[in-house]
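These are my notebook entries on one structure. I record what I looked up, in the order in which I looked.

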Amino acid sequence: MAFTVIAASCPSPKFCLQPKTGIVPHEYMSFNTVISVPPNPCSYNIGYQGHFKSGSLPYKHPVSFPFSASYSYYIQGHMRSGLLPNRYSASSPSQNIITQLVDLAATTREKGAHDFDFKGYMKSKAIAVNEALEKAVPLSHPERITEAMRYSLLGGGKRVRPCLCIAACELVGGTQDLAMPTACAMELAHTSSLIHDDLPCIDNDDLRRGKPTNHKVFGEGIATLAGYALLAFSFEHVAASTSNTIDRSRILRVVSELGRAVGRRGVAGGQVVDIESEGNGSIDLKSLEWIHVHKTAMLLKCSVVCGAIIGGGSKEEIERTRRYAHHVGLLFQNVDDILDVTRSSQELGKTAGKDLSVGKATYPRVMGLQRAKEYGLELVKRAKDELSFFDPVKAAPLLGFADYIAFRKS
């Protein structure tokens, strides 16, 4: 959190204001700040690490906000945003300083989030993704399987995963055009998983996106093969359609990330444990989250990470987006579980109450509905904290995604 003095009183002529850095003169002390948040959200601890002008060794000193600082020296520095109140006060009795500080990063982020047209962003990206998917899977021989592929692929959907991919690419300096083949691959793989998930041998669902499921229209055999074809094409599309301006090693990393996300260490593995846990009333939160991390969060995480890879992100940028997407992925399933017991089939566009009826492990079942809702808010906060590292303007779409997923109604 970059901070600045917005009001102060001090008799010392050495004191002056330094926007975005804090209290000066800076030669007295520099420090890195480590923030830890205890279970009680009303209490915050800060650990300062720094050097004094006198040459003393680094030290740590916990303080609480609002706080009264009794240091003999002035302080300055940057603290991570998002974990403290936007405004707080600090006083230094030894220097007669009373200062009010403002979290500029949080203020900027809030302003950016307020000004950012998330609905417009989602609409424009979804239109672009739909056009790209239409071109990627044209009607061709053998028509029956292509029709089945297109039925599920082009039959609606929010395009969350491809939009996340594009947003992550843009976050680190890439463009929509560079990300589009990878973004489409994420939707191809996701649609494949939905077709297979709905099959009688797994979830046996009749509705998907407000329409009859694929196997209800084309039969189980064609539906199964259409799912396989979409998954296979997701890899082909990344390899064949990504711009040749992208380093080949990055494309290979995307293929590797996607393979991991959909295989036994991802969606497939999560699906297996999910099936085996049906009717198990003793499943705990740790086991539940293992299922959701692999079954749901993995492909969302893959979408974000692959966008950052294609966009040329650094190792740190990619890992931060990975952690962001981990929390968003769990949040997505958390909200899904809550909606399953609080919304109708008409509102959801799929069979409501299905998880409850078959005894599946869900957040409301394991934690209780109220605690599940509270946990969802915790996940939103954790996801947003990971984005404090980035330019708040560029991060606005991903910040918006976190809120969108948290408060969606279907």
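I began with helix α9, residues 267-277, and noted Val267, Gly269, Gly270, Gln271, Asp274 and Ser277 as buried, that is, under 20% relative accessible area with a 1.4 Å probe, protein chains only. Helices here are DSSP runs of H or I with at least four residues, strands are runs of E with at least two, and both are numbered from the N terminus.

I recorded that this is a predicted model, in which local features need pLDDT of at least 70, side-chain atom pairs count only at pLDDT 80 or more, and totals for chains, interfaces and linings use all residues. Residues are numbered from 1 along each chain as its sequence is written, and side-chain values use heavy atoms, with hydrogens and water left out.

I then looked up the partners of α9: its buried residues pack against α5 (176-198), α8 (248-262) and α10 (285-310). Just after α9, I found glycine 279 with a positive phi of about 80 degrees.

Next I turned to α5 and α10, whose axes come within 9 Å and cross at roughly 170 degrees. The two helices are therefore roughly antiparallel to each other, the term for angles over 145 degrees. In their contact (heavy atoms within 4.5 Å), α5 contributes Leu178, Ala179, Thr182, Met186, Ala189, His190 and Asp197, and α10 contributes Lys295, Leu299, Cys302, Ser303, Cys306 and Ile310.

Last, I checked pLDDT, the predictor's confidence in each residue from 0 to 100. The protein chain averages 76, and 69% of the residues score at least 70. Over residues 1-112 the pLDDT is below 50.

Methods
Buried means under 20% relative accessible area, exposed over 50%, partly exposed in between (1.4 Å probe, protein chains only). Axes are lines fitted to C-alpha atoms, for helices over the stretch in contact, and angles run from 0 to 180 degrees between N-to-C directions. Angles under 35 degrees count as roughly parallel, over 145 as roughly antiparallel, 65 to 115 as roughly perpendicular and the rest as oblique.
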